[in-house]
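Subject: Model for you to look at

Hi,

Here is the model I promised to pass on. Please open it next to this email and read the two together.

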Amino acid sequence: MDYDIPIKIAGLNLRNPVIVASGILGLSQSIFNRLYNLGAGAIVSKSISLLPRDGYRNPTIVSVDNMSYINAVGLANPGTESFSKEISKNNGPLIISLVGSDESEFSVIANKFKNLNILGFELNLSCPHVEKMGMEIGDDVNLVYDIIKSIKRDTTKPLFVKVGLGKSDIIEVAKIAESAGADGITAINTLRAMKIDIETRCPVLENKIGGLSGRAIKPLGVRCVYELSKSLRIPIIGCGGIMTYEDVIEYMMAGASAIQIGSLIGLKGIYSIGKIIRGLHSYLEAADISEVKEIIGIVHR
Amino acid sequence: MDYDIPIKIAGLNLRNPVIVASGILGLSQSIFNRLYNLGAGAIVSKSISLLPRDGYRNPTIVSVDNMSYINAVGLANPGTESFSKEISKNNGPLIISLVGSDESEFSVIANKFKNLNILGFELNLSCPHVEKMGMEIGDDVNLVYDIIKSIKRDTTKPLFVKVGLGKSDIIEVAKIAESAGADGITAINTLRAMKIDIETRCPVLENKIGGLSGRAIKPLGVRCVYELSKSLRIPIIGCGGIMTYEDVIEYMMAGASAIQIGSLIGLKGIYSIGKIIRGLHSYLEAADISEVKEIIGIVHR
Amino acid sequence: MSTDKNLIRVVEIEDVVLESPSVKTFIFKDSLGSLSKPGQFFMVWIPRKEELPLSIMVSDKKNHAAITIRKNGYGSTSLFNKGKGDRIGIRGPYGNSFSFNKSHTKIIFLGGGTGLVPLIRLLYYIKQHQCKFTFILGAKTRSELFFTDLISKWTKENKIDLLIATEDGSFGTEGYPTDILKDFLMINKDIDIIYTCGPEMMMKKALDLAIKNGIHIEASIERYMKCGIGICSSCCINDKLVCVDGTIFNEIEIQKLTEFGVCYRNKSGILTKF
Amino acid sequence: MSTDKNLIRVVEIEDVVLESPSVKTFIFKDSLGSLSKPGQFFMVWIPRKEELPLSIMVSDKKNHAAITIRKNGYGSTSLFNKGKGDRIGIRGPYGNSFSFNKSHTKIIFLGGGTGLVPLIRLLYYIKQHQCKFTFILGAKTRSELFFTDLISKWTKENKIDLLIATEDGSFGTEGYPTDILKDFLMINKDIDIIYTCGPEMMMKKALDLAIKNGIHIEASIERYMKCGIGICSSCCINDKLVCVDGTIFNEIEIQKLTEFGVCYRNKSGILTKF
Ligand SMILES: Cc1cc2nc3c(=O)[nH]c(=O)nc-3n(C[C@H](O)[C@H](O)[C@H](O)COP(=O)(O)OP(=O)(O)OC[C@H]3O[C@@H](n4cnc5c(N)ncnc54)[C@H](O)[C@@H]3O)c2cc1C
Ligand SMILES: Cc1cc2nc3c(=O)[nH]c(=O)nc-3n(C[C@H](O)[C@H](O)[C@H](O)COP(=O)(O)OP(=O)(O)OC[C@H]3O[C@@H](n4cnc5c(N)ncnc54)[C@H](O)[C@@H]3O)c2cc1C
Ligand SMILES: Cc1cc2nc3c(=O)[nH]c(=O)nc-3n(C[C@H](O)[C@H](O)[C@H](O)COP(=O)(O)O)c2cc1C
Ligand SMILES: Cc1cc2nc3c(=O)[nH]c(=O)nc-3n(C[C@H](O)[C@H](O)[C@H](O)COP(=O)(O)O)c2cc1C
Ligand code: FES
Ligand code: FES
């Protein structure tokens with residue numbers, strides 16, 4: 001199995017459209033290599049901030065029924081300095097996810113990474129559980145514009161902007177991102193959610209509120225990709241609740257050029273990456289589709 | 001079984017906190033009577049517009065896995081004239097849900113209903129799939145303010161405002177509603193979502209996009225109620241994905257004074273209303289809670 | 001494969017039978033449907049067009065189910081125009097079913113149009129019992145008759161009388177099937193039960209006759225359906241939801257339904273006179 | 001009740017055993033945990049405080065499980081302070097387990113501190129086999145020794161030698177348990193396998209000794225854990241996820257783990273030297 005379902009997105013050639021989402025096994029070069037060997041078309045790192053972050057105290061990740069999770073990891077990450085060392089010898093298809101609170105911070109981070117052997121960047125505008133980072137920035141469209149402009153000044157590598165369902169209009173934010181020079185949009189991130197344990201009468205997550213991922217959000221992700229692909233010219237990476245190759249097809253038919261998987265890996269393990277790619281392969285063969293791009297956005301036609 | 005778990009909300013005395021949500025069996029007086037006889041603490045009618053609406057063509061309601069639905073009924077309803085006749089002899093705990101596109105429309109509708117024997121009104125600001133109604137209004141905070149003000153001028157009956165997760169900040173909208181005189185907030189409505197059938201390569205709903213309800217949205221609803229109850233003084237009716245009495249408790253602990261059920265009725269039938277009330281009853285007894293209000297918002301303490 | 005009957009299953013039409021110029025039966029593989037009880041229905045999705053409630057027809061093939069559609073408006077015509085190899089979606093089976101009491105030995109079926117479908121399925125299931133079956137069937141005119149060959153085939157092996165009324169008299173008795181029923185009940189005093197499905201006015205007349213003659217009756221009621229699962233109330237008749245409480249009601253139940261034969265709810269939910 | 005082991009189950013502590021001034025065992029009802037294999041762990045939620053990975057201890061009660069906690073920082077102390085009737089949440093069992101090969105007859109357990117927990121569970125499961133078991137156990141000082149009574153009880157019925165080292169010599173041999181291991185291996189040449197859990201430096205020494213002596217070894221590795229289900233990578237060692245690929249690794253696997261005994265990832269994910 002060579003995992004070959006070649007796609008082209010934002011100028012990048014990926015061997016297949018299945019990308020490991022940010023925050024999922026996203027901290028270690030050895031793990032990146034393993035993910036690649038198991039089939040991943042590309043891998044997005046954990047969102048990296050300027051300085052290291054310990055994140056929140058446990059519980060940080062809680063299962064809710066129906067193959068879904070609520071997490072409030074709190075963007076724990078080794079920070080730019082340490083992580084740039086971690087991946088200094090990278091030669092796999094790695095995308096670095098960036099998180100920060102203002103233009104200058106992003107500039108420092110981007111500059112640190114831009115000369116490494118990586119595919120490009122993903123800007124995390126949509127982490128729903130960390131104040132002054134992620135979502136709160138994503139809700140300020142002027143700031144979004146400036147940050148993207150500045151990152152694009154610093155690097156020629158493709159920049160994906162990851163949007164979510166927060167307090168603002170996802171389509172408006174994505175359009176701003178496009179106009180500021182983003183090369184692609186990743187949609188969607190997790191949604192602010194909560195679980196209370198009624199026996200002990202308290203929220204389960206230490207941070208109380210976290211982000212909902214997994215099966216539960218798939219119909220929301222598909223809808224966002226559908227609507228975004230109507231309004232944008234840049235390509236879209238679909239994300240949210242993908243558990244099977246059928247889900248991949250659904251996202252692609254809605255308009256996604258590639259997809260990301262997250263919760264699936266917690267539910268079905270690391271080998272589910274290869275499984276989903278093999279499933280995709282068989283499907284395309286059976287349906288006599290020679291290039292996956294034939295089905296991208298097919299429901300719009 | 002007398003279904004008695006008395007609560008007081010926005011000046012209303014309900015025999016129990018389990019309310020049938022808008023759009024769920026919400027069209028017929030005979031059905032309202034049946035729902036009442038089966039235990040419902042109150043019943044919200046289908047959202048009524050000034051003129052009758054046929055709604056969208058089928059499919060209008062589609063099951064997605066995990067006890068969830070996506071619907072785009074298109075606010076089909078008999079209109080104000082016809083519906084006011086339908087309920088002219090009502091003497092059950094009925095709340096009329098209102099939908100419209102501007103102040104004057106709401107005024108006509110409210111005036112038509114205000115002298116009937118009903119508990120009050122729920123303003124639907126959050127229907128996610130009908131243009132120029134529901135959500136689109138909910139996203140315009142000035143309009144929200146004016147509409148509520150005008151309805152409150154027309155009637156002294158309690159007015160609940162139903163909010164959802166759309167393009168704007170749910171907390172901001174709810175605060176505006178409170179400041180305009182709303183007596184309570186219902187949260188949440190369905191979320192814009194989509195399902196594509198990959199075999200026939202087309203969206204399943206005739207309207208393509210609909211609203212996600214059911215199990216999938218429970219962690220979102222609980223979070224909204226939790227956050228809203230932190231920012232508001234008026235009571236909150238929790239709604240979204242309630243399937244068991246444990247879910248009712250979870251919403252109440254998050255801050256809901258009462259709750260609404262919707263999808264549950266599709267999944268488990270009309271007798272699930274009584275079941276959930278009996279479950280609640282046993283729980284309160286076992287936990288030695290004499291008044292349900294003891295647990296409302298307990299996680300905030 | 002999922003076994004949640006509420007998730008749409010896309011099936012491929014394997015066979016098409018042209019029952020009359022405007023009526024077709026489609027056969028497709030579906031195990032859930034093949035096990036459905038007589039009187040149950042599917043919600044049938046015609047991709048990009050409509051979703052319609054349709055009674056489940058009989059299929060001889062193992063693990064197969066069938067539906068019979070009469071070409072009428074937008075949705076039914078879209079479906080009618082489908083052919084072998086085309087794909088449609090189905091969910092269900094939904095609704096309750098006709099009951100069969102083994103002590104009943106004299107049984108009447110009364111149907112018209114596509115209302116025949118659930119009756120045919122019922123007959124198929126109970127025909128081997130030692131009963132006397134009378135099948136009364138109505139149509140506007142001869143060319144709109146269908147299923148008569150099917151029933152005739154079965155009459156050879158079982159005790160089935162087939163009586164036909166056409167409004168224009170082009171076949172069988174001139175008039176309505178309820179005229180036949182009325183006459184039949186005058187002569188045959190020991191009928192146990194009438195099963196009926198078809199135009200509501202026909203069923204209403206049958207109900208009156210049944211009550212007058214002290215005969216049980218079960219009628220399958222049709223209302224506008226959206227969800228099929230008892231959540232939208234578009235199908236309500238008085239305090240009953242036809243999709244889950246019905247579609248089949250007996251004489252005791254129907255007598256409480258003051259809207260039966262009088263009014264129905266239109267698409268917007270307005271109570272409308274027939 | 002749900003059987004998804006990943007959903008937190010709130011349980012009530014039924015019994016508490018004070019193993020040492022700073023170590024307690026809690027026993028509670030939990031069927032999933034009672035069936036766990038030796039070496040597996042729970043994620044244990046201390047409401048409003050923390051969630052910690054804890055090895056599953058032995059409980060004699062049917063359908064019950066147990067955990068043993070050493071009071072240390074915030075989370076462990078919060079748990080330590082719980083008592084009978086208090087409620088905690090658990091999910092799991094997670095991780096792989098020690099393997100037991102019936103052809104192995106000479107077996108060493110090497111543990112220290114709460115690393116003893118999975119070894120005790122393993123011993124409990126295999127003690128009735130006709131093997132010679134040697135249990136080497138280390139602690140800082142006499143008062144920090146625990147589980148010795150438990151093991152001693154078993155030595156009466158089974159062939160178990162219990163060897164103890166304390167760093168200050170207040171009980172047993174003075175020094176580290178690995179010192180005992182080293183001496184033991186000089187005399188006993190036919191050991192089949194060493195099972196070990198405890199401080200990584202201890203396990204590293206044991207690994208070196210095992211390799212030198214051509215003995216199999218299985219070690220339970222500890223890393224910072226958040227999810228316990230292989231999604232967050234906080235527990236990674238080289239390209240392995242301790243929570244799902246481990247916690248138990250054999251000599252072949254460990255030898256590829258260049259980070260073993262050298263460095264670990266701290267809470268932020270920075271690779272840090274021991
Ligand atoms: C339980 C049940 C079983 C049925 N079984 C059959 C069957 O086996 N064969 C068959 O041909 N027809 C059957 N019908 C009728 C069928 O569902 C359609 O109503 C009919 O085919 C007309 O469709 P249309 O697209 O031509 O309607 P349109 O031209 O769109 O409308 C004409 C009329 O059809 C009815 N109708 C349309 N959509 C629906 C709907 N979703 N639910 C109920 N009525 C609707 C309404 O009365 C409407 O006024 C059944 C109906 C019900 C409720
Ligand atoms: C698989 C496994 C099984 C374990 N079994 C036991 C056991 O049976 N009994 C027992 O007492 N301890 C056990 N531990 C250790 C336990 O999880 C805690 O690390 C320990 O109790 C210290 O907690 P604390 O609250 O005092 O830590 P803190 O004071 O908060 O931190 C001290 C150190 O504890 C460690 N630690 C804290 N949280 C975690 C975490 N979530 N995951 C891993 N390490 C952490 C870190 O090294 C940290 O630097 C086990 C650990 C693992 C990984
Ligand atoms: C434990 C966990 C950690 C995550 N961390 C990040 C992160 O650091 N940055 C980010 O952009 N998204 C993060 N996400 C969101 C995922 O990348 C993804 O958008 C989301 O989980 C939806 O996809 P899924 O339903 O396939 O899991 C995280 C998700 C999970 C479950
Ligand atoms: C078929 C259907 C129709 C609905 N119609 C309305 C409506 O007219 N007005 C409204 O405010 N909410 C409507 N809703 C939303 C519900 O009232 C409720 O907010 C939502 O379904 C979430 O609750 P649930 O998860 O318990 O179903 C509808 C929901 C469904 C499933
Ligand atoms: S069709 Fe919706 S309730 Fe019957
Ligand atoms: S603890 Fe998260 S991957 Fe192991």
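Below are notes on a chain interface and then on a ligand site.

This is a predicted model, in which local features need pLDDT of at least 70 and side-chain atom pairs count only at pLDDT 80 or more, while totals for chains, interfaces and linings use all residues. Residues are numbered from 1 along each chain as its sequence is written, chains are lettered from A and ligands numbered from 1 in the order in which they are written, and side-chain values use heavy atoms, with hydrogens and water left out.

**Chain D against chain A**

Contact here means heavy atoms within 4.5 Å. By that rule, 34 residues of chain D touch 40 residues of chain A. The buried area is about 3100 Å², and carbon and sulfur atoms give 57% of it. (Buried area is the accessible area, with a 1.4 Å probe, that two parts lose on being put together, summed over both.)

Four salt bridges are counted between chain D and chain A. (A salt bridge is a side-chain nitrogen of Lys or Arg within 4 Å of a carboxyl oxygen of Asp or Glu.) One pairs D:Glu50 with A:Arg57, with the closest N and O atoms 3.2 Å apart.

On the side of chain D that touches chain A, the elements giving two or more residues are strand 3 (41-46), strand 4 (50-57), strand 6 (87-94) and strand 14 (240-241). (Strands are DSSP runs of E, at least two residues, and helices are runs of H or I, at least four, numbered from the N terminus.) By class, that side has 16 nonpolar, six polar and twelve charged residues. (Ala, Val, Leu, Ile, Met, Phe, Trp, Tyr, Cys and Pro count as nonpolar, Asp, Glu, Lys and Arg as charged, and the others, Gly among them, as polar.)

**Ligand 2**

Ligand 2 lies between chains A and D. Its shell has 22 residues, and D:Pro53, D:Thr68, D:Gly73, D:Gly75 and D:Ser76 come nearest. (A residue is near if one of its heavy atoms lies within 4 Å.)

Strand 4 of chain D gives the most to this shell, with five residues. Strand 5 (64-70) and helix 2 (74-80) of chain D each supply at least two. By class, the shell has nine nonpolar, nine polar and four charged residues.

Which atoms of D:Pro53 and D:Gly73 face an oxygen atom of ligand 2? For D:Pro53, a backbone N or O atom lies 2.6 Å from one. For D:Gly73, a backbone N or O atom lies 2.4 Å from one. D:Asn72 has a polar side-chain atom 3.3 Å from an oxygen atom of ligand 2.

Best wishes

Terms used: Polar contact = N/O pair within 3.5 Å; in protein donor to acceptor, adjacent residues only side chain to side chain.
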